Number of protein chains: 2
Amino acid sequence: MKILIVEDEPKTGAYLRQGLTEAGYVVDLARDGFDGLHLAVGGDYDLVILDVMLPGLDGWQLLSGIRRKDPDLPVLFLTARDQVDDRVKGLELGADDYLIKPFAFAELLARLRTLLRRGRATNEPTVLRVADLELDLLRRRVLRGGRRIELTAKEYALLELFMRRRGEVLPRSLIASSVWDMNFDSDTNVVDVAVRRLRLKVDEGFEPRLIQTVRGMGYVLDEPE
Amino acid sequence: MKILIVEDEPKTGAYLRQGLTEAGYVVDLARDGFDGLHLAVGGDYDLVILDVMLPGLDGWQLLSGIRRKDPDLPVLFLTARDQVDDRVKGLELGADDYLIKPFAFAELLARLRTLLRRGRATNEPTVLRVADLELDLLRRRVLRGGRRIELTAKEYALLELFMRRRGEVLPRSLIASSVWDMNFDSDTNVVDVAVRRLRLKVDEGFEPRLIQTVRGMGYVLDEPE
DNA sequence: GTAGAGCGATGAAGATCCTGATCGTCGAAG
DNA sequence: CTTCGACGATCAGGATCTTCATCGCTCTAC
């Protein structure tokens, strides 16, 4: 897997290169937008990581340049916290994902895997859908009836679990172990409380109710018949 | 490495056995205190994991039985949340570490590694000390001037980093990456705030001040000359 | 049908952690 | 020596998550 990084700040660039190389990717690094564009369109990469703030060509110009030549090349945007609103712009222009600096390296690797696995042709599903509830795995976004719903990290993890295993009754212990890495059913009701919070955001005021309690067993997410 | 688990609850026992076996340990499982004691004293184990609540012999009786035969065998206590005060009793009776259920499996593995690495004979240091500040790696306890100091998870991780690298000036970026797994110096001051909280607990009201700021570089923990 | 136990739902409080703003201080340049 | 800018300290506010206590419902046993 060959990845191009376009990043002007030397420290961040070097760090990314080192980390990704150690993770087994082949990595090239471009220092500005011009080099970036040049390499991206000619270099046969599987993925491009793109800093929004760049000298020369900025991130968006670079992105549209890439899209003109290669509409399918996965592009991941790096944006700083105070440019968060720019991510919308990036996604509209055809970026496939974004990440806000600072971020955990593990997080970056996870996103990369998703993007690369989806691949150019294979088109594995990136959006899970149950009734009018949608979960966009790449953008980490949730929509219900077309409306955006903001979820916290745990809520998102919980919902993703539910949707990936739609229709299955998930015992609390399973939920605890996959969302919390807790594996002992002692006297905690974290799962219950988390499910309640998720319900408030995702089910409250909507029809049909998707998250259902199965007494003595656990919870399911599904469309009731 | 051979580990004995003494645990009566079948689900927890099975889970532990499976997880530890997958992690490469050889695992035996005893269902009650009598079997546990019998196996422990005769079975040539490197470590024993012990549930406090047991039918037959309880955890402490078992522990003192073990200690009579083998004073050095590492023992890790499992205690439920509402028995937390019992952990003191356990440690006084010669347990080497304790873990509160529910806990993350990764946490258990980390503790095991520490206990096993220390080994029976090798006696690697398990307490870090600078001036009158002590950090007990096994018990995850911190003492200053003999007084117990309660730290949160992040505070503990930060202090451990400082003490393991006593005297070294640690740049913020290094701290961020080891305590937070964040690797980008953007506009956050989490490190500063965390250092402040740690200082309040560890340095405030004591002499000498151990956590020092090195302008433009980062922080050090050391005894000033 | 009724009582009781167990299970889940709910609400509130508390702990921890992060963000953002402001204030103070150190050091260099003039 | 004074001024200014950069860096760090500090504080308040808020978000998230967990714990705990209580309430209500369901199911079962009698």
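Helices (H or I, at least four residues) and strands (E, at least two) are DSSP runs numbered from the N terminus. This is a predicted model, in which local features need pLDDT of at least 70 and side-chain atom pairs count only at pLDDT 80 or more, while totals for chains, interfaces and linings use all residues. Residues are numbered from 1 along each chain as its sequence is written, chains are lettered from A and ligands numbered from 1 in the order in which they are written, and side-chain values use heavy atoms, leaving out hydrogens and water.

**Helix α1 of chain B**

- T12(B), G13(B), L16(B), G19(B) and L20(B) are the buried residues of α1(B).
- These residues lie on the same side of α1(B), because they cover an arc of only 140° around the axis, the arc being that of the directions from the helix axis to the C-beta atoms.
- P10(B), K11(B) and E22(B), which are exposed (over 50%), sit on the face of α1(B) turned away from its buried side.
- Just after α1(B), a positive phi of about 100° is found at G24(B).

**The sheet of chain A**

- Five strands form an open sheet in the order β2-β1-β3-β4-β5 (chain A), with parallel pairing, where two strands pair if DSSP finds at least two bridges between them.
- β2 (26–30) and β5 (97–101) of chain A are at the edges with a single partner strand each, so one side of each has no neighbour in the sheet.
- Strands β3 (residues 47–51) and β4 (residues 75–80) of chain A run parallel and are joined by four bridges, and V48(A) stands opposite V75(A) in β4(A).

Technical notes. Buried < 20%, exposed > 50% of the residue type's maximum accessible area, 1.4 Å probe, protein only.
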